[in-house]
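Please read the points below with the model open beside you, and look up each residue as it comes up.

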Amino acid sequence: MSNALAAFGTLLKLGSTNTTAATFATIAEVGDIDGPGDSVDTIEVTNHSSASARKEFIASLIDSGEISFPINFLPDDPTHDAVTGIQKAKNDRAMRRYQMVFPDDTQADFSALVTKFGIKAPVAGKLSADVTLKISGPVTWS
């Protein structure tokens, strides 16, 4: 029997600042969330003595990656707008704290910059936006 969890109900929260004392507000109407996902940079260290004439590598820095997600864009919502929301964080180029809270109450905390806020307004569709956060530093799980 599987112990899998349904992802429905996962929350993404925007912090008021980039400190651990930040207060958090749930970002309104978030769709499918992609990320976070770590990757490890590598440094090539191949030399004339490398076995079997094969390239050799060592691990370098860990990149905590990005989180991307669509929203049903609500221009006046305080978590979307340019006064207190993710548009303000983007416009200010400000590092902010974020929390991702899973349905089992596991939580991921991280600092990130908003690197994309792309609005879509199709004639026969809903007003939406695609958002990308670039994580800076570690993701802390609790």
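1. D81 counts as buried, because its relative accessibility is 12%, where buried means under 20% relative accessible area, exposed over 50% and partly exposed in between, using a 1.4 Å probe and protein chains only. The model is a predicted one, in which local features need pLDDT of at least 70 and side-chain atom pairs count only at pLDDT 80 or more, while totals for chains, interfaces and linings use all residues. Residues are numbered from 1 along each chain as its sequence is written, and side-chain values use heavy atoms, with hydrogens and water left out.

2. The place of D81 in the chain is the loop between β5 (66-72) and α1 (86-91); helices (H or I, at least four residues) and strands (E, at least two) are DSSP runs, numbered from the N terminus. Its side chain reaches the backbone nitrogen of T84 at 2.8 Å, a polar contact being a pair of N or O atoms within 3.5 Å, where within protein one must be able to donate a hydrogen and the other to accept it, and residues adjacent in sequence count only if both atoms are side-chain atoms. When neighbours within four places in sequence are left aside, D81 is in contact with P75, D76, I86, Q87 and K88, contact meaning heavy atoms within 4.5 Å.

3. H80 is also found in the loop between β5 and α1, and H80 is buried because its relative accessible area is 0%. The side chain of H80 reaches the backbone nitrogen of L74 at 3.0 Å. Not counting residues up to four places away in sequence, H80 touches several others, including I27, A28, I71, F73 and F117.

4. What is the nearest side chain of opposite charge to R96, a buried residue that has no salt bridge? It is D92, 5.9 Å away from R96, where Lys and Arg count as positive, Asp and Glu as negative, and His and the chain ends are not counted. A salt bridge is a side-chain nitrogen of Lys or Arg within 4 Å of a carboxyl oxygen of Asp or Glu.

5. How many salt bridges does a search of the whole structure find? It finds three. In one of them, D63 is joined to K134, with the closest N and O atoms 2.7 Å apart, and this pair links distant parts of the chain, since D63 is in strand β4 (residues 57-63) and K134 in strand β8, 71 residues apart. D63 is partly exposed because its relative accessibility is 27%, and K134 is partly exposed at 26%.

6. Another salt bridge forms between K88 and D92, whose closest N and O atoms are 2.7 Å apart; K88 is partly exposed at 28%, and D92 is partly exposed at 43%. The side chains of D130 and K120 also meet in a salt bridge, at 2.9 Å from N to O, and this pair links strand β8, which holds D130, with strand β7, which holds K120, 10 residues apart.

7. The structure holds three aromatic pairs; rings of Phe, Tyr and Trp (its six-membered ring) pair if their centres lie within 6.5 Å, and planes under 30 degrees apart count as stacked, over 60 as edge-to-face and the rest as tilted. The rings of Y98 and F110 are stacked because their planes are at 15 degrees, with centres 5.8 Å apart. Y98 is in strand β6 (residues 96-101) and F110 in strand β7 (residues 107-120), 12 residues apart, and both residues are buried. F102 and W141 form a stacked pair too, 5.8 Å centre to centre and with 20 degrees between the planes.

8. In a regular strand the side chains alternate between the two faces of the sheet. Strand β5 has a covered face, made of I67, F69 and I71, and an uncovered one, made of E66, S68, P70 and N72. β5 pairs with β8 in the antiparallel sense over seven bridges, two strands being paired if DSSP finds at least two bridges between them, and I67 stands opposite L133 in β8.
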